[in-house]
Amino acid sequence: MTAGGYGNEKQVGQAIRDFGVPRGDIFLTTKLASDKHDKVAEALEESLSSLDCDYIDLYLMHWPMAYAPGQQGLWSQEALPEDVWPTFNDTWREMEKLVETGRVKSIGVSNFSIQNLEILLASSPSTSRTGMVPAVNQVECHPCLPGNDLRQYCESKGIQMVAWSPLGQPNPDQPISLLSHPTIKRIASALHVSVAQILLSWSNQRGVVVIPKTEVEEEMRANISLVLLREQFMNEIDAIHKEEGMHRSLSYVHNMSDDPEGKVFGWTYKQLGWNMTKGGVVKGGGSQLMP
């Protein structure tokens with residue numbers, strides 16, 4: 001998986017060629033950046049050129065917000081209002097056209113709440129005509145931010161939920177580390193596996209696809225060796241977000257804006273449909289999504 005906004009499509013394409021695996025044996029995903037919502041077809045061609053391939057298996061809208069045409073900066077803190085062209089509905093309709101060309105096999109979204117999925121599904125002519133709903137909704141998901149309501153909604157609509165940062169973005173600056181949480185460490189010790197394997201197995205048993213990231217070969221091998229968690233262990237991990245101060249995002253994206261109420265790439269939490277306060281903390285211990 002790569003994305004236009006990551007700046008590594010050329011390297012991913014080169015790695016695929018160097019590895020020598022037939023293109024048909026690789027499932028390739030990339031994403032449409034917010035500064036390309038006004039030129040979807042052109043953005044796809046740029047990605048195909050960078051990757052040096054003929055088609056993309058899955059093309060995702062990276063974020064629902066769009067930047068003004070010509071605006072520079074892939075991770076800007078200023079975005080167009082949700083009702084100004086190109087809205088994410090406008091962008092989705094352009095993405096649907098790509099499927100008809102064969103250059104994209106399937107399309108999906110990323111970082112969409114129930115609120116914005118409802119808007120997308122209700123207003124897309126192609127959705128009502130052909131049933132083309134997003135194949136995937138890729139969102140932050142881990143025991144601190146389990147997304148129970150969103151997962152159930154996606155299941156009801158035939159949308160596969162995919163977890164980015166399923167390990168919680170562990171880094172020295174993150175005050176909360178799922179990798180050192182006593183419950184997860186205890187379960188990992190009982191089953192003689194790594195804490196990462198426990199976290200990935202938990203997501204997998206909930207029907208959520210995971211995309212963990214590591215540069216360590218040993219960890220890569222461990223990450224594809226999942227274990228079956230008995231109900232007691234699942235329930236214990238399910239309850240982690242109910243602990244004091246634990247129901248929250250663990251992503252850096254919430255700390256990039258100076259807005260006192262909190263914004264992510266130019267949109268408020270209300271626009272995103274997230275029931276959060278500054279820093280990505282879920283309000284009142286309730287659902288992470290707006291009612």
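Residues are numbered from 1 along each chain as its sequence is written. Because the model is predicted, local features need pLDDT of at least 70 and side-chain atom pairs count only at pLDDT 80 or more, while totals for chains, interfaces and linings use all residues, and side-chain values use heavy atoms, with hydrogens and water left out.

**The sheet**

Six strands, in the order β1-β2-β3-β4-β5-β6, form an open sheet with parallel pairing; helices (H or I, at least four residues) and strands (E, at least two) are DSSP runs numbered from the N terminus, and two strands pair if DSSP finds at least two bridges between them. At the edges stand β1 (29-32) and β6 (209-210), each of which pairs on one side only. Strand β3 (residues 104-110) and strand β4 (residues 136-140) are joined in the parallel sense over two bridges, and S110 has Q138 in β4 as its bridge partner.

**A helix pair**

Helix α2 (residues 40-51) packs against helix α3 (residues 88-101) at an angle of about 50°, with their axes 9 Å apart; axes are lines fitted to C-alpha atoms, for helices over the stretch in contact, and angles run from 0 to 180 degrees between N-to-C directions. That makes α2 oblique to α3, since angles under 35 degrees count as roughly parallel, over 145 as roughly antiparallel, 65 to 115 as roughly perpendicular and the rest as oblique.

On a 1 Å grid over the protein atoms alone, a cavity is a set of points where a 1.4 Å probe fits but cannot get out, whereas a pocket is an open set with protein on both sides within 12 Å along at least five of seven lines, and lining residues have an atom within 4 Å of a point. A volume is the space filled by probe spheres set on the points, which are joined across faces, edges and corners.

| Space | Volume | Lining residues |
|---|---|---|
| Largest cavity | about 130 Å³ | nine nonpolar, three polar, one charged |
| Second largest pocket | about 190 Å³ | four nonpolar, three polar, three charged |

Here Ala, Val, Leu, Ile, Met, Phe, Trp, Tyr, Cys and Pro count as nonpolar, Asp, Glu, Lys and Arg as charged, and the others, Gly among them, as polar. Helix α9 (residues 217-223) gives the largest share of the pocket lining, four residues.

**Backbone details**

Most residues other than glycine have a negative phi, and most peptide bonds are trans. A cis peptide bond, with omega about -5°, joins W85 and P86, and P86 sits in the loop between β2 (56-61) and α3. N111, in the loop between β3 and α4 (114-123), has a positive phi of about 65° although it is not a glycine.
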